[in-house]
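Let's take a walk through this structure together, one stop at a time. Have the sequence and the 3D view ready, and follow along as the residues come up.

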Amino acid sequence: MQGIKLPITVNCEINVLLVAVTAFGFLTRLYGIQFPRAVVFDEVYYGQFVSLYMKRVFFIDESGPPLGHMIQALGGYLGGFDGNFAWNRIGAEYTSNVPVWTFRVLPALAGSLCVPLGYLLMLELGYSHFAAVGASLLLIMENSLIVQSRFMLLESVLIFFLLLAVVAYLRFYNAPNGSLCRWSWLILSGSSCAFAVGVKYMGLFTYLLLLSLAAVHAWHLIGDKTLSNGKVLVQVTVQLLALVVLPAIMYLGFFYIHLTLLNHSGPHDQMMSSAFQASLEGGLARVTQGQPLEVAFGSQVTLRSGSSKPVPCWLHSHKANYPIRYEDGRGSSHQQQVTCYPFKDVNNWWIIKDPRRQSLVVVSPPRPVRHGDIIQLLHGMTSRFLNTHDVAAPMSPYAQEVSGYIDFNVSMPAQNLWRVDITNRESDRDVWKTILSEVRLVHVNTSAVLKLSGASLPDWGFRQLEVVGDKIYKGYHQSRLWNVEEHRYGRSQEQRERELELKTPTYVDISRNLTFMAKFMELQWKMLTVRNEESEHKYSSLPLDWITMDTNIAYWLHPSSNAQIHLIGNIVTWTLANFALFVYVLLFLTYLLRRRRKIEDIPKASWEQLVLAGVICSGGWAVNYLPFFLMEKTLFLYHYLPAVTFQILQIPVIVEHIYIHILRSPSHQKAFSGVILAALCSVYLCYCTFCPLTYGQPELTSKQLASLRWKESWDILFRKH
Amino acid sequence: MMEDSLHVDHCKQRQSSPALRNRKQCMATVAKRDCPHIEPVLPEARKAHRMCNTSRAAFNGTSQKMCRRWKRYCHSDDVPKYHLLLVVVLSLCTRFYKITEPAHICWDETHFGKMGSYYINRTFFFDVHPPLGKMLIGLAGYLTGYDGTFPFIKPGDKYEHHNYWGMRGFCAALGSFLPAFAFLVVLELSHSTLAALIAASMIIFDTGCITLSQYILLDPILLFFIMGAVLSMVKFNQQRLRPFSWSWWLWLILTGVNLSGSLGVKFVGLFVILLVGIKTAWDLWKLLGDLHLSMVDFVKHLSARIFGLIMLPLFLYTTVFAIHFVILNRSGPGDGFFSSAFQSRLIGNNLHSATMPEYLAYGSIITVKNLRIAGGYLHSHWHLYPEGVGAHQQQVTAYLHKDYNNLWLVKRPDNDDYSDTPELLRHGDIIRLEHKESMRNLHSHFHEAPLTKKHLQVTGYGINGTGDPNDLWQVEVCGGKQGDPVKVLRSKVRFLHHATGCVLYSSGKTLPKWGWEQVEVSCSPYLKETPSSQWNIEDHINPKLPNISLCVLKPSFLEILLESHIVMIRGNSGLKPKDNEVSSKPWHWPINYQGLRFSGVNETEYRVYLLGNPVIWWLNLFALGLFVVMAMGCSLTLQRGIKLEGDRKAHSQILMEGGGLLFLGWLIHYLPFYTMGRILYYHHYFPAMLFSSMLTGITLDTFLHNTDLLFSPAVAKCILRGSLTLLLFGVLYSFYLFHPLSYGMSGPLAHDPTSSMSGLRWLDSWEF
């Protein structure tokens, strides 16, 4: 009882300023978010994924990792959304089953919490409460951030996690050594980084910035000779675990949840490998369940190309021959066409035949086909052997034509032996397995490899894809790989029975499971490599337009009136931010060069504070902005918002620095305070002026709208009456 | 800074130290250097060696002053001449062996040889690289009696009686400099002959470097300038204790000259400029921190570098272009890539001192050129859009070459008869444009364009000039008003589609094969005035109008310089990999994953395959990893405040500064390729490979001399000897094994056991 002091008291300190700015943040972001009750801008894009989550249908979104979609889906789940809404057009009215408020509340909450985070960031950088209030006021009255927070979009969530990661890291760095709290801040920082990267790949830039900052700090730590080697090792290891290993594990975790949730087959199945598809319920799994695993002589198979460019397809043949002469005058063998066909078809079935035997059925016990075996491939419906010879292919003259062999008796012998080369084999006598084995078919006579060339045949080939024998053997490429997708053991010796057999669907059961890591690797690889066709958009812009905000985006227009919502920033704030950045660079260079000559204008502590603030604010701006110059995708103004958030935080840093270190006389300081007040007032006025375009109400007349078009290049919509 | 202090010390000692004692040591080092397996050159020995040079000079009766001057000019006081000579002889032998084989065009010789011929014939052409390399090839050809008549049509064509050896010999000569340069650079950075020899042998015996040097290509020239720049940079750095001396200026200026040379050959030269820039900025930063140096002196340093490394290279670079434009004054295959104004400079071009009617009139026959730089002529041909791509009508494209299919006839909206007095076309008029060859009208309609899906498709429509109302276009002169006539060449014109209100637009995207890889033309609903939607009238034929002369167009030198750069950059970024072409990826390169076929595919042909010597390349890769580990270990040790003594300190300094510089060079010449969208080839890695080889020299040398950290000194010595023997044997034997890659193979391919190369296809992806 000695240890407890009585009475038990709780001391509570509340920073009223912080509470007040937070309240304003909530007010500006959350006020009336269910208006408009219609699809606003990119909600049309994100919404479809939310619906797919609700229906647990698998999809691929190459624009970013799944966490962002999952957060949005959580909003839908909380509101009891059933996934039934056709996300087809911006401006479409939501039906009553769509919980608009819960959809939008999570991004709005994240957006509002950016305001107190801005406040805390200033404090952690060592600036005064005045600067902190200034920073949060600028964030509160930033129209672009408000607009982006109020709808089912991801930027506000991203910015929230970015700021949280930075604040938490600075807390960790500033905290006294040895307190337990310190480490929890570090872990919070690491996980916020993971969240940010999980929402959008853009988060990676700030994460890398933070990592480099941490690396520099760790380097100083290593140089600290007062610490013992063991202590240094422990500290550095913990930082490495929290900032690198933890985020990586969490990132995997997002995908784990994503893949666990989405276990039904859906519209994007075709992009994935057969094995992946087989792991989804419905779709291919239904077809392939219960197929025999080992391909044997006499098996009936469909062969899917390993490359999904331009489309996934199956080896195919049909009763039509190559034309005797092509358009360009070259001749062909006039034998039966062999193509690759992107749809399921009975003509995709092939029978694997042992060249030494006549039988087309699987004997019992089955004789499996192994790596290195020689086979013939017989087309199921037309009974032609897969053949290739020294005749130029129709679209790729450098490669050999592949045909279904017809003997025209013109001294063109059949060359229909193929060697099975399993590329992902474990041993040299590995058995050819359905779905799992990736096989190269090497022609015995010419050592050409069966390859999907990617070109489409003209009309005579029904615009199907060309298949060639590739003599120029150029290493590993997916277009040379084939895998068995559908498979059954052939039972019927007679052609007619066999045709019937081919037309009946394959039968029964056993499931195949891919490990999570295999699925993750495949999905991640697809997301990084699949590129949607570059599309021009009316509101797309170039990074150079963003600095001066020469562009805007119309998010929503009322179906009958002039009420509309635009992504337009607070131009006063943006100008001030540009100015602050410029002044910072100027100050930094001046101090840097003068310090090099041992002229110290400001004390060392202030200098270090200024550098740290610059790394976070200007550095944050630079890493979130400059990489866009290298990107080739369609860009929009909202891509600039993370950068501009950091840039805005630079303003109070510069203001406080000028006030304390540059203006020495009180009269100057007084005058400067006046300037600051005036600037804040104009920020407020600008915010109020653009409020109608930010909140979509009240409706403005055409004349008022025209007066809001401060820049020629802004695209504001006028309804013709 | 250890080397500096050493240097200073020895300068001080020079007068006082008794020559005799030094001479003894000198004899000892000379004796040591004679044996083939070089003893480690320890700092002590080096010091002695340096001193012995001076003392020997004094001993021979040459005055101290002469000696100093001689030293200042040649700086060869610590260059082991016999080793350098060995390197030079070996590299000349390997580069010039079988230089004339094969006697046919190999790989890109078809381009660069052709461009060399263009210089000899003074014909204008377009290439994505700056002109210096091709100019030098042309010059070499000219001097060795090549007359520029060989057409260089495609790889495999026989040269027959044409004098091609001169151009190849020139490239091989420049290529032979590389090992010597590497030797000198590494020697300068590490002061170790062993390291320099390792680096040089990596390059001498690399089959890739040999192959790349033996043909008429830009790469040997580029590599020569890059290595030259690096060598001059380190030599300049050596002079830092004697600022503003003659030799200081000499190396500074040589650096600048080499920089402009490398940029003048290929834009990859920018990377070495970046390297030199970083190094220079770092030097300046150190100078700024030196408080003994007054600000005036600092400004002197700064402006000397600005002059030598920025102004001078810029001047030389523009001079190269000026020479290029002066030499190539005749019209040729490259004309169409350039604006009308540019073309008017070229003799033989139809715009050169041309006369044509000034104002456009109905009934005129015209060509219409897009205003985007490297935008093409409005073009159509007898081919339809394929099924599924908009309407099945005749294609309209933009085409960069001059062609009779670029001709269009200006017609009234309604009737086709023209009175004798021509009526001028004015701003706001509605016209039809009929394709002269196929007699179809320029047409647009509500079908999406083939590539730019938000735009409308533009087609050729109608028979014999009769179409429908969708053939009507409104002519608008930019900045003009109602009633302004349309001036040939000088007016910027837009064509607004009358029915849909969209504007004729050239997106710059290349159509797939069905469109003959010409550029897409579409009708854009976004009416912003951009060069893509603006056109000018280039050729204008109308016999009823009086012709005027068009000399006014002549552009200034700066204008053509700027234009040719934009065209080159466009051309470079336009080199995208084709649909089903397997392209080389940057990660393939350091692991020597796949080479390039220079000549021959089949068993019957004479084959040359560009592939690095795998032993050397994998050793380089290993050394890169080793360097990173060693550098990290070293900097961690220093950061923890552990003091290094004597040799160890010198080695760590060499590793961190010399090695660091080369490592930075490797990074700068390698990493940027990951961000490039254009098509990449294996040979792009060779500049980085040279840096990597030099780094291998320093890394292995430092590593082998510090094995006593892990083993006892006796074992360490054994390791040093053993690994050097192994290294020498490995490099020579692998060169013996793989030399047919460079010097030609014939007979069966390597997968055949009877082939001379059988068993050497260590990776499946090698194609020989």
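This is a predicted model: local features need pLDDT of at least 70, side-chain atom pairs count only at pLDDT 80 or more; totals for chains, interfaces and linings use all residues.

On each side, 32 residues take part: 32 of chain A are in contact with 32 of chain B. Between them the chains bury about 2800 Å², and 51% of that area lies on carbon and sulfur atoms. What kinds of pairs does the rule find across the interface of chain A and chain B? There are 9 residue pairs in polar contact, while the count of salt bridges across the interface is 0. On the chain A side, α9 (203-223), α10 (229-261), β10 (449-456) and α16 (571-596) each supply at least two of the residues that touch chain B. The largest share comes from α9(A), with 5 residues. Sorted by type, the residues on this side of chain A come out as 12 nonpolar, 9 polar and 11 charged.

Next, find helix α3 of chain A, residues 67-78. Its 12 residues reach 16 Å from first C-alpha to last, close to the 16 Å expected at 1.5 Å a residue. Is α3(A) largely enclosed or out in the open? Since 9 of its 12 residues are buried, the helix is largely enclosed by the rest of the structure. Among those buried residues are Leu67(A), His69(A), Met70(A), Ile71(A) and Gln72(A), along with the glycines Gly68(A), Gly75(A) and Gly76(A). The elements covering them include α2 (43-54), α4 (100-124), α7 (155-174), α8 (180-199) and α10 of chain A. Just after the helix, Gly80(A) takes a positive phi of about 75°.

Now look for Trp432(A), which sits in the loop between β8 (418-422) and β9 (439-443) of chain A. Trp432(A) counts as buried because its relative accessibility is 0%, under the 20% cut-off. Which residues does Trp432(A) touch, leaving aside its neighbours within four places in sequence? Its contacts include Leu293(A), Val295(A), Leu303(A), Ile352(A), Val369(A) and Ile375(A), and also Glu294(A) and Ser437(A). For a sense of scale, Trp432(A) and Ile565(A) are 133 residues apart in sequence and 59 Å apart in space, C-alpha to C-alpha.

Chain B has a buried spot of its own to visit. Thr207(B) lies in helix α10 (residues 207-213) of chain B, and Thr207(B) is buried, with a relative accessible area of 0%. Beyond residues up to four places away in sequence, Thr207(B) touches a set that includes Leu611(B), Gly612(B), Asn613(B), Phe735(B) and Phe738(B).

On to the salt bridges: a search over all chains finds 30. In one of them, the side chains of Arg304(A) and Glu485(A) meet at 3.2 Å, N to O. Arg304(A) is buried at 5% relative accessible area, and Glu485(A) is buried at 1%.

Another salt bridge joins Arg425(A) and Asp421(A) at 3.4 Å, N to O. Here Arg425(A) is partly exposed at 33%, whereas Asp421(A) counts as buried at 10%. Both belong to a network of salt bridges that also links Asp428(A) and Arg440(A).

Most residues other than glycine have a negative phi, and most peptide bonds are trans. The bond from Phe35(A) to Pro36(A) is cis, with omega near -10°, and Pro36(A) is in the loop between α1 (16-30) and α2 of chain A. A cis peptide bond also joins Gln697(A) and Pro698(A), where omega is about 0°.

In chain B, Glu160(B) has a positive phi near 55°, and Asn592(B) has one of about 60°. Are these two residues buried or exposed? Glu160(B) counts as exposed, at 66% relative accessibility, but Asn592(B) is buried, at 0%.

How values were computed. Residues are numbered from 1 along each chain as its sequence is written. Chains are lettered from A and ligands numbered from 1 in the order in which they are written. Side-chain values use heavy atoms; hydrogens and water are left out. Contact means heavy atoms within 4.5 Å. Buried area is the accessible area (1.4 Å probe) that two parts lose on being put together, summed over both. A salt bridge is a side-chain nitrogen of Lys or Arg within 4 Å of a carboxyl oxygen of Asp or Glu. A polar contact is a pair of N or O atoms within 3.5 Å; within protein, one must be able to donate a hydrogen and the other to accept it, and residues adjacent in sequence count only if both atoms are side-chain atoms. Helices (H or I, at least four residues) and strands (E, at least two) are DSSP runs, numbered from the N terminus. Ala, Val, Leu, Ile, Met, Phe, Trp, Tyr, Cys and Pro count as nonpolar, Asp, Glu, Lys and Arg as charged, and the others, Gly among them, as polar. Buried means under 20% relative accessible area, exposed over 50%, partly exposed in between (1.4 Å probe, protein chains only). The expected span of a helix is 1.5 Å times one less than its number of residues.
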